[in-house]
Each structure stands twice: as C-alpha cells, then as structure tokens.
Amino acid sequence: MSVSDTQGSDPQGLTPGLSVRDEFPIFEHTVYANSCSQGALANRVRAAAEEWLEGWDENGAEWEFWVERNEAARAAFAGLVHAEPDDVAVTTSVSQGVSALLSSLDLRGERNRIVISEYEFPTVGQIAHAQELRGAEVVHVQPAGDGRIPLESFADAIDERTALVCSTFVSFRTGHRHDVAAIAELAHAHGALHLADSYQAIGAIDLDVRSLGADVVTGGTVKYLLGSAGLAFMWMRETLRQDLLPTQTGWFADEDIFAMSIADYSPHVTARRFDSGTPPVPSLYPGVAGMTLIAQVGVPAIERHIRRLVDRLLAGLDELGATVITPRAENEYGPMVCVLSPDPNALVAALAADRIVVSTRDSNLRMSLHLYNVEDDVDRILAALAANRALLA
C-alpha cells in the first residue's frame, strides 16, 4: 500500500492534537511552535535513526536496506503529493534538485529569463542568479505594501523570453501563501515552466500535483514532515522529465546504478535521472518514519486542525492589537503566522524563558503550528505575548 492510499485514514486511530502528542517528548515541558524551522522530534523518528546505527554496527554496509529505504522515501514523497514514484527524484536538499533542474535548461538563446518571487528561499534565488554565468536574466517579483505578491506582478514579469517561473507555496519570511495554480497558468501561457517550492507547506497543506498546475514541485523533510535535514524531493511532470537532461548528475541517476560504468552518460528514463550520488542514508530512516506518521494521521485532517489553531491565534493577536504581517484572506495563509516586532530577537528570547519555542525572520516573530499543537499551546503563546506587549509593534 502506498502512502497515498493511507491519506485520511489511520489503522492506529491517530488524529491531530492530543491523540498524537505522546509521540513528541518535547511537549512534556515546552510549547513548540517552530515547525517552520524544524519539526519536533517524534519517538518513532528517533527509533528509526537508531535502527540505521544499529544496522551499521551489526552488518557494516547494508546496501540492500539502504537502497530499499531510498525507494521507500521516493514512494512516501510521491504519496504525499498524489503522484507516481517514477516522477519523483530523491535528493539531499532542494538546492540539489533545483541545481540539477537548472542544469538541464538551455539559457543561451532568447528564452533565458528566470522569474522568481521575492519570497523565495535563498536556495532558489542564489541558484537562479548563478545561471547568469550561463546567460540567464533573473527578474524578481516584488511584494506589495500589504505583504502580498499580486498575481498582476507575476504577469508583468513573465513574457516570451521566460524559461522558468519560481514561486514558493508559503513564504518563509511572512507566511504568505501563493496562488500556485494561477501563477503556473501565467507561466504556461507564455511557454515557460513553473517551479513551486513546497518546503513550508508539505505535510501541513494537502498538495495534489494532478490539479496544482506546477511543472516541478520541490520540498523536504526537515519541517512539517518531521524528519532530519539532508533529505528532499523533486517531482516533475512525466512529459517534462523525459525531455530534460541534467548535466549535474551522479551514479544513482544512472539507468543501472550497479553497472558501475564510467564509459558514458546513461540517465534513467524516470525522474531518477535527477537523483545524484550516494543517497543520504542517515536521513532516509528518520525521513521515512516522519512521513509515515504524517500519512497515518492524514494531511487533510492535519490541514483542518492547523487552520482551527491558526484562526484562534489570529483572533487572539487581533485582541492584543498586534500587527500581523501574514495576509488573512481564505487561501492566503497556512501554518505560519508572522507578527511585526521592534525587537523580534528579544521577543523570541522572552518566550523561550516561558518554555515557548518560536523563531524570527526579518523584523517578524514567526509562529508555526502543526499536528501536535493544541488550543492550550495557542493560549499560552497569546498569554506570553500579552505579558511582553511592549515587544509587539
């Protein structure tokens, strides 16, 4: 049974909130609201990491198991975005996947423009600008004064010279959620490809590549998928991965990884051609464990749970008179809420003193909620913010 077959149903009866909370020891003493940086550690994820170490200790090189875990990760990623495993590359990071993708694009002709939103993670922006060495022109789409990036701004930047349009699902800086389908439609109208980075969404927002519109979707395990750093994925449309040949590659991208040939370049016929070298074995075990837990609870149920908690948080912030940076329209926010602060680092420290873990970007306090949070967590956060009202703008 694939991960997609288990979405929304759980034989163990796990549901978001108290049902799953015992999996996460940190809640015995701390309110954890920083999943946008790193998911909380689950018991089963710790056990999976120990399983890898025990196998290494007992047997040394366990290639049979390591390859199986790599394919289990591929299937798990595919299930979470309602895709087929053959359309998913397993990577060590979004950086690796996007670099391989860009290496497959010919940017020497007239179609050399890469359009990126100002809310992209540095990975996407830095890799895009690196292509200027290959003749690319990079255009930034700027946010409006209200924190949104209007669709019209993308429309102004995209034209027949555009090769690729990049838009994150959820901004790591503000919590703004892009209209990915509409941006993809704009890109396609001009013959461009569309890349959507789901890192701040996958595991917290139900994503279906069959209806999303994007040509490429990236993401990884370190946040809402509850795994460690070092494991990510890149999904692409079947017709697209048949046409693109990356020049950034590795032996696990070959048509036969155990042929050990150094005689030619023989990329796999599936999205595996965008894999790279030796897979990230230490990250595969906890990554698969975390994704299995997410699948058992079900992303649709998680998304509904998060929305209720976020709405409670937003209502409380309004009562405090806080300046919420995250847009508030129905489909413009997800699991992360950002609040303006004159000294966000001091505010993070003040909440940490109350055993509340949050984070900051720019001048904003970031609070992100997930399947393991409950209403009491939200209320404790609001009480701590009220006690530190001078640190809210």
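Two strands pair if DSSP finds at least two bridges between them. Strands are DSSP runs of E, at least two residues long, and helices are runs of H or I, at least four, numbered from the N terminus. This is a predicted model: local features need pLDDT of at least 70, side-chain atom pairs count only at pLDDT 80 or more, and totals for chains, interfaces and linings use all residues. Side-chain values use heavy atoms, without hydrogens and water, and residues are numbered from 1 along each chain as its sequence is written.

**Stop 1: the sheet**

Select β9, β12 and β11. In that order, these 3 strands form an open, antiparallel sheet. β9 (336-340) and β11 (359-361) are the edges; each has a single partner strand, so one side of each lacks a neighbour in the sheet.

Now zoom in on β9 and β12 (residues 364-368). They pair in the antiparallel sense over 5 bridges. Click Met336: its bridge partner in β12 is Ser368.

**Stop 2: the largest pocket**

A pocket is an open set of points on a 1 Å grid over the protein atoms alone, where a 1.4 Å probe fits, with protein on both sides within 12 Å along at least five of seven lines; lining residues have an atom within 4 Å of a point.

Select Arg177, His178, Asp179, Val180 and Asn331. Of the 21 lining residues, these lie nearest the centre of the largest pocket. Next, show α7 (180-189) and α8 (209-212), which each supply at least two lining residues. α7 gives the most, with 4 residues.

**Stop 3: the second largest pocket**

Select Val94, Phe121, Tyr199, Val222 and Lys223. They lie nearest the centre of the second largest pocket, which 19 residues line.
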